[in-house]
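Hi,

Here is the structure I said I would pass on.

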Amino acid sequence: GLSRVVPHPYPPDDLVLGEVEDASGQTSLRSQQDDAMVVPSSKGLSRMSSQIRVAVPKALRRGKANGILVSLAMKRAHSFGFLSAMVLVGGLAWTGVRFYLMIDGEDQVSQQAFQSLAVSIARTVQTKVEQDLIYQDMVANIWTARPRIGRAEFRKLVLGQAYSPGLQTMTGISLIPRIVGADSRREFERRADSERLRQECCANKPSTGASCATVAATGLFCDTQRYQITEFGQGGVLVPAAGNSTEYLARVGAEEYMVVDMIEPFETNSKVWGFNLLSSSARHAAWLEAMRSGKKTFTRRLNLVQSSKKEFGVLVWLPVFRRPDGEWTVAFNGVSADFEAVGSVNGVYRVQHLLTTALESTYSPAQLGDTRVFLFDDASELGGRAQFLAAYGNDMTNQYDEYGQASITDIEEGGALVQRRALSIANGDARWIVIVVADKRYLGKRRSSNPLVALIISVIVLVGGTIERWLGHPALLVQYET
């Protein structure tokens, strides 16, 4: 009962459809990829077109598309895959740029914060010193009003509530009388209050500090059983001052002494008691400038007599004068020709202690983390060769030996971030430089995780979206062609 081939209206190259009648006269639609199938000439022909329209889409949707259709889909998928790859590469590149920009933005914020920290540190050091100088002025005003102030009264004054804040960063405050001539020296060394203090020191009384008998003048007062003016001898041992030697007279010009007579706290400064400051050329040079200007004058860096370790210190001279009428005065507005220098109120600084105390009393460890702070003296007489004074950092243990001979250039070359700030101390002649240095860890530790999180999410979204399109596109093409 098979008669002829009925072609599909849009036949694939290798798919031929036909209708077959069985023995009972029923017809069915079949596909065959070999010889053409024949169908009755009339029966079921009217149903054939509807069965073809139904059978072909079902076959295609079930993945039974012919080779040509699949080939077309794969060609289009290949073109789509190339474009998708380009989009993926471009997206990843832009994601990397965004990641860098976010890191750079956070680093810029950290750099601005670092700059602000450096400015704040410089102001802190400057403010601390200027406050100390005010206490020095206050002590000078008391001395000019009461030239014969005694040791007990001076101690009570300096250690009292009104003046003691100045000792947080200063090592001590001292009264330095000017002693001129051999007769004045003998009279000065025989004073009753000095002998009384010497006896208390040799007895190691609590008010004189631990081991005063061996510390004060390195034991000279107790060994010789008398108080006397001292200077450094061989090996750093204090010996009786030789104020009339040829070398001394050539440098100083006359037999005169500037003696550390009263100093508080005495317990931590007993070694320098009785020391002649003019025996040191650096101290003497600053005293000459103070007498000339009448203003507070800073010495260049020096080794303090009372220091128990290697560290740099400075003295601040505040000269006191006698007017022609016999009254004592300071000369903040300049020295008159008829003023006679009678002594000085000195501020004593262990600069490492000054810097450490100023920073740790103001900033938390987290604020100073991964930073190092350096303090240099840039006085005009140094001719641009600034001298190291002190340094602060969590990893520093021996600043004196490590940085004592360092220049500003040496310090700045060792940092990833560097800020330099100049200090001009009000009511004084000091010109200091504060340098704040940070290494690479400073920026790294202050970065958030936001850039990394954004990078990971962006990469996941880009790669996942591209994979989804690559896997789904051939099926979409088949469905579209169907």
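**Cavities, then the chain as a whole**

Two cavities of 30 Å³ or more came out of the search. Keep in mind that this is a predicted model.

The largest cavity has a volume of about 90 Å³. Its lining takes in 13 residues, and V260, V272, L277, L315 and V348 are the ones that lie nearest the centre. If you want to find it by element, go to strand 3 (172–180) and strand 11 (340–350), which each give two or more residues to the lining of this largest cavity. Sorted by class, that lining has nine nonpolar residues, three polar and one charged.

The second largest cavity comes in at about 50 Å³. Around it you'll find T95, R98, F99, M102, P451, A454, L455 and S458. Here the elements giving two or more residues to the lining are helix 2 (67–145) and helix 15 (450–481). Five of the lining residues of this second largest cavity are nonpolar, two are polar and one is charged.

As for the rest of the protein chain, there are 15 helices and 15 strands to click through. Of its 482 residues, 44% are buried. The protein chain exposes about 24,800 Å², with carbon and sulfur atoms supplying 54% of that area. On contacts, if you take those with a separation of 6 or more, 66% are between residues 24 or more positions apart.

That's what I have for now.

Cheers

Definitions and conventions: Residues are numbered from 1 along each chain as its sequence is written. This is a predicted model: local features need pLDDT of at least 70, side-chain atom pairs count only at pLDDT 80 or more; totals for chains, interfaces and linings use all residues. Side-chain values use heavy atoms; hydrogens and water are left out. Helices (H or I, at least four residues) and strands (E, at least two) are DSSP runs, numbered from the N terminus. Buried means under 20% relative accessible area, exposed over 50%, partly exposed in between (1.4 Å probe, protein chains only). Contact means heavy atoms within 4.5 Å. Accessible areas come from the Shrake-Rupley method with a 1.4 Å probe; for residues, only the protein chains shown count as cover. On a 1 Å grid over the protein atoms alone, a cavity is a set of points where a 1.4 Å probe fits but cannot get out, and a pocket is an open set with protein on both sides within 12 Å along at least five of seven lines; lining residues have an atom within 4 Å of a point. Grid points are joined across faces, edges and corners, and a volume is the space filled by probe spheres set on the points. Ala, Val, Leu, Ile, Met, Phe, Trp, Tyr, Cys and Pro count as nonpolar, Asp, Glu, Lys and Arg as charged, and the others, Gly among them, as polar.
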